[in-house]
Amino acid sequence: RDRFTVCLSSDWRNYQEMSAERSGQTISKLFEVYYDIVFAELARAAPSGRYYADWTADEMLVIFYGDSEEERKMVMREALAFTRVLASEIPERVKSEMGLTLKYDVGLAAGTGYLGLQGPSERRKTTIAGEVPGTAKRLETEAKELRARGFDSDYPNVIMDAAVSEAAVASHFFDSGWHSEFVAGTKNVAGMKVTLWRCMGEAQNTLLRLATGDRSNQPPVAAA
């Protein structure tokens, strides 16, 4: 049925190169370590249990959902709580356990989607149909493209749509870390006003660059 959702899309950077350079056993262990941490933190950040999560290799989609106004506010808070951990603590824990830097980025979008069991009759699974997951994926792609333009880091770029950004402001999500509004350029989200957020370590580095006049790592287009 149609439900209010917050969709989080994430995937690793340079997965093909990583797979070519490391054994299948190493990649399998990395999957185990990463997703064990991710799903434990997801359960902690979203105690309501109002989410579905799926992964395939390096790609992950988490769908937070609610119906009533109070549930919508709750799942938005939980989605942001999980995002904060995903984009700050988890990269550090993976590096500590695996001895490598795992780079990935995150896209967040909110809106109504058709959520439930879908697909072929013999292989139905819980998933979502509609614009929201596609927007989240496009925003994650936008986050990836910022790396190619010099806005690179060991921490994820998190890009959220206006609805998620509004909730982030209300919940004081932006009180830590660094954020900036700009206009997206990726196909299907081009022209959309979005917000980029990065964790506090990168905020300090960014402020230093701004203080010295180095804007090489700033988003490419300022929001109007």
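Modeller: Gladly! Ala, Val, Leu, Ile, Met, Phe, Trp, Tyr, Cys and Pro count as nonpolar here, Asp, Glu, Lys and Arg as charged, and the others, Gly among them, as polar. The model is predicted, so local features need pLDDT of at least 70 and side-chain atom pairs pLDDT 80 or more, while totals for chains, interfaces and linings use all residues. Residues are numbered from 1 along each chain as its sequence is written, and side-chain values use heavy atoms, without hydrogens or water.

Let's start with the second largest pocket, whose lining has 5 nonpolar, 5 charged and 1 polar residues. A pocket is an open set of points on a 1 Å grid over the protein atoms alone, where a 1.4 Å probe fits and protein lies on both sides within 12 Å along at least five of seven lines; lining residues have an atom within 4 Å of a point. This pocket holds about 220 Å³, a volume being the space filled by probe spheres set on points joined across faces, edges and corners. Among its lining residues are Phe4, Arg72, Met76 and Glu166. The helix α3 (69-86) gives the largest share, 6 residues, and α6 (162-170) also supplies at least two; helices (H or I, at least four residues) and strands (E, at least two) are DSSP runs numbered from the N terminus.

The largest pocket has a volume of about 290 Å³. Of its 16 lining residues, Asp54, Trp55, Met60, Leu61 and Lys125 lie nearest its centre. β1 (2-12), β2 (51-56), β3 (59-66), β5 (125-129) and α5 (131-148) each give two or more residues, with the largest share, 5 residues, from β2. By class, this lining divides into 7 nonpolar, 5 polar and 4 charged residues.
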